[in-house]
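Have a look at the model first, then read on.

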Amino acid sequence: MAQAPDLLAQTIWEGLVSGVLYALIALGFVLIFKASGVFNFAQGIMVVFAALTLVGLYEKGVPAFLAVILTLGVMFALAVTIERVVLRPLVNQPDIILFMATFGITYFLIGFGESLFGGSPKQMIADQLYLPKGAIDLKILGGIVSLQKIDIAAAIIASLMIAVLALFFQYTRIGRALRAVADSHKAALSVGISLNQIWVIVWFTAGIVALITGIMWGARSDVSFALEIVALKALPVLILGGFTSIPGAIVGGLIIGIGEKLGEFYWGPLIGGGIESWLAYFIALGFLLFRPQGLFGDKIIERI
Amino acid sequence: MFYREAGQYKTNYAADMAVFPLRQDRIGIAVILGIALVGVPLIGNDFFIASVMIPFLVFSLAAIGLNILTGYTGLISLGTAAFMGVGAYSCYKLTTYFPGVNIVVLILLSGLFSAAIGVLFGLPSLRIKGFYLAVATLAAQFFLQWAFVRVPWLFNYNASGAIEVPQRTLFGLPITGAAATPETRYFVCLGLVVVLTWFASNLVHGKLGRSWMAVRDMDIAAELMGIKLLNAKLTAFAVSSYFAGVAGAMMIFLWYGGGEANDVFTIRLSFNILFMVIIGGLGSLIGSFMGAAFIASLPTILKFGLPALGVPLSGAAAEHVTFMLVGALIIIFLIVEPHGLARLWQIGKQKLRTWPFPY
């Protein structure tokens, strides 16, 4: 006799998985913010764009792994272009101007991506990239919890990537330079850090993160521009975790992911369902009132 | 030559404080109003009025609202569309409860509900600012959009889940509903926009506007000078949401003639209005109009203008090009002219003033 799934454990697991994916997007934001002080609104669309490029190249007949490499090339080109066209002329502008400039990047990429690949959803080439399929059933608390293998893979890849990034930031020359740039463009320039180079590196890193996120996300559901709205979920995650903290992005992502799934499951039916669309923001907002800098964020000190 | 102030003496304080100190400006405004009032309905056909002029007016009002918040007070908001939705839905509820009251009064009243909700979501602004506040306003966007769909009371429990605009008249002429002609709807929009712009202009030139700008320029300094931050920020949220609410009510009742929140008051609309403010010019009322004219007319121009010039462009491609163009323009404007079209206009006026001798 098949056992009924344990709903609580299953819900928590699903929350964990979506939390990992939110965390991955948030990670892209954090990387760019930490390393250049730019709040990159375009991270969500970069995920879509990377995934679409990958699938689009594959559909053109490029072998899957070559397509991955080519997509990385495209993301590098994108990073260079953004640095040349957008960031370089805006050095030392107020943060809010740079933030708005990333809106411009977002809209440009939406239009560009749609005209290149069309607006219809595409199937991610999960099989060709040897991503695992199927599910494992676990017995927890007297019920069955079904774990999708792809989700487990996503969690493992995410943790690996985070470890690598944390080490990179903490212990390498470039990592230190990145942190210097985030503190002050001017000061970094004056000690001989090449701002342009740093920006390309960091946007390219964010592009790699975007590609991985895109693959993982696309393997669970289709690759489409609908992801762009889901990517906005990364904002409450950031607030919860703090803008500058990589572990914060992870913990925040997991809290938001689990919180919103549990909320949807237990309270959603009481007030009409679909509360997932805003619950994350309210969790973040409530949290903001008590700790404006987030869980792991740097405290903002203002001097006059 | 034609734009010179020589000989226009100011003999009292009122003249010195005037919003349009130059006679040429006053004439210019009168001419623009004259064209809007007489020229447009005379020359424009129904299509032009219904799908270019009315959207332009609605978006201008919404852009003024956001400009008060973002341009004058420096608080970034990504939830304008939600506040427009509050206006639209409260106007709809008001028409059901008070069928006898004139629709124009109800449209103006519905802004008050939007203002109240705006203040509610503006409350966190005292403790948080910048990007954090942007996320707080996103909370408003998603929560309200959800509420518009999930709370059946808001759309009177009807099956379609949409606002159905009833027919209402003004001086015996139908101004809402299917029977209203584009011209009458246009005149109502124009009247509302002109009156509210005048109201906004007085606000931003007055004490309240000064305190908003002080908060924008440096909030801590403003506080030291005795400006109450909470009051300034919350009034900015209230006034801004009021304008957005009225714009939203106008959008549904005078432009769309009915609609569903899910299709209309989306985050895309919020972004579009933000772009109008950026491209038009932060902290400028005339910039709001310019930005609205620009962003609102861009898709139409691309869709109908380019094929007319012989460039073949399908509807979908036009949409993509619009996206790319808007994105590129935002970046270009931020780099080249952060103060937007309004600043270009100012530069042009200054050039005219010294013309033909540039120095």
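## Where the chains meet

In this predicted model, 48 residues of chain A and 38 residues of chain B make up the contact, with contact meaning heavy atoms within 4.5 Å. About 4200 Å² gets buried between chain A and chain B, 81% of it on carbon and sulfur atoms; buried area is the accessible area (1.4 Å probe) lost when two parts are put together, summed over both.

## Chain A's side

On the side of chain A that touches chain B, α4(A) gives the largest share, 16 residues. Helices here are DSSP runs (H or I, at least four residues), numbered from the N terminus. That side splits into 36 nonpolar, eight polar and four charged residues, with Asp, Glu, Lys and Arg counted as charged, Ala, Val, Leu, Ile, Met, Phe, Trp, Tyr, Cys and Pro as nonpolar, and the others as polar.

## How the numbers were made

Residues are numbered from 1 along each chain as its sequence is written, and chains are lettered from A, ligands numbered from 1, in the order written. Local features need pLDDT of at least 70 and side-chain atom pairs pLDDT 80 or more, while totals for chains, interfaces and linings use all residues, and side-chain values use heavy atoms, leaving out hydrogens and water.

Methods. Helices (H or I, at least four residues) and strands (E, at least two) are DSSP runs, numbered from the N terminus.
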